[in-house]
Amino acid sequence: MQRKIIANVSNKPKTLPQQNGTIDNSVRDPALDELLKNVNRLLQADAPAKALELITKSKIKSPGVKNATAVCQLRLGKAQVAIDIYRSFLLNKAIYLRADAPVIYRVNFGVALFLNNNLPGVSSLLFDLRDETHPSLEKLRAAVAAWKKKLTIWQRLQLIFGSHPAVPIELGYPPGDLE
């Protein structure tokens, strides 16, 4: 029996429409652009709680706003909340990552998985993105590689056999990016 991981995969945002089941970034809304600019400004000022409050007050619904919300949650140290947000719009058929989603959304999902100690998940995501390029993806790859370098031989074996080594995960940069 297959377990359903997420619900509401096909939510249609009110501001940016999904057409044919894809995340459509070609349609831009000036209100959305302004909101994301203000959220980015607050994130750069290390004020993710204020950015999240701004998003909540806006009532704009779109994949970009969901990404921004998840980034705020990551910056607040709530990786599991961010994972749940990304699962709501990045996965289809309950377990597959949507290939039509922007790379930055998928990378942010990987950051959330990594910070939540879901090493098989982040490894799978990095494998799926092996042909993609993006500055945030390179930062995530470097963070995972740096973390793996800290592992002893026994911890690497532990990782191979599906157990999480007791080595703290550090990104070395603020988690999540908007673009």
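**Helix 5 and helix 7**

I began with how helix 5 and helix 7 lie relative to each other in this predicted model, and I found that the axes of helix 5 (residues 103-115) and helix 7 (residues 135-149) come within 9 Å and cross at roughly 20 degrees. Angles under 35 degrees count as roughly parallel, and helix 5 and helix 7 are therefore roughly parallel to each other. I also noted the hand of the crossing between helix 5 and helix 7, which is left-handed.

Next I looked up which residues meet where these two helices touch. From helix 5 I listed I104, V107, G110, V111 and F114, and these meet S136, L137, L140, A143, V144 and W147 of helix 7. When I sorted this contact between helix 5 and helix 7 by class, I had 9 nonpolar residues, 2 polar residues and no charged residues.

**Helix 1 and helix 3**

I then turned to another pair, helix 1 (residues 30-44) and helix 3, whose axes come within 11 Å and cross at roughly 10 degrees. That angle makes helix 1 roughly parallel to helix 3.

On the side of helix 1 I wrote down L32, L35, L36, V39 and L43, which meet G64, V65, A68, V71, C72 and R75 in helix 3. By class, the contact of helix 1 with helix 3 has 9 nonpolar residues, 1 polar residue and 1 charged residue.

Apart from neighbours within four places in sequence, Q73 is in contact with L52, K78, V81, A82 and I85.

I went on to the backbone angles of two residues in loops. Phi of K59 is near 65 degrees, which is a positive value in a residue other than glycine, and I located K59 in the loop between helix 2 (48-58) and helix 3 (63-75). With a relative accessible area of 63%, K59 is exposed.

For N117 I found phi near 60 degrees, again a positive value in a residue other than glycine, and N117 lies in the loop between helix 5 and helix 6 (119-128). I recorded a relative accessible area of 40% for N117, which is partly exposed.

**The whole chain**

Last, I stepped back to the protein chain, where I counted 8 helices and 4 strands, and reading along the sequence I wrote the pattern as β-β-α-α-α-α-β-β-α-α-α-α. Buried residues make up 45% of the 179 residues in the protein chain.

For the surface, I noted that the protein chain exposes about 10,100 Å², of which carbon and sulfur atoms supply 54%.

Methods. Residues are numbered from 1 along each chain as its sequence is written. This is a predicted model: local features need pLDDT of at least 70, side-chain atom pairs count only at pLDDT 80 or more; totals for chains, interfaces and linings use all residues. Side-chain values use heavy atoms; hydrogens and water are left out. Axes are lines fitted to C-alpha atoms, for helices over the stretch in contact, and angles run from 0 to 180 degrees between N-to-C directions. Angles under 35 degrees count as roughly parallel, over 145 as roughly antiparallel, 65 to 115 as roughly perpendicular and the rest as oblique. A crossing is left-handed if the near helix is turned anticlockwise from the far one by less than a right angle, and right-handed if clockwise. Contact means heavy atoms within 4.5 Å. Ala, Val, Leu, Ile, Met, Phe, Trp, Tyr, Cys and Pro count as nonpolar, Asp, Glu, Lys and Arg as charged, and the others, Gly among them, as polar. Buried means under 20% relative accessible area, exposed over 50%, partly exposed in between (1.4 Å probe, protein chains only). Accessible areas come from the Shrake-Rupley method with a 1.4 Å probe; for residues, only the protein chains shown count as cover.
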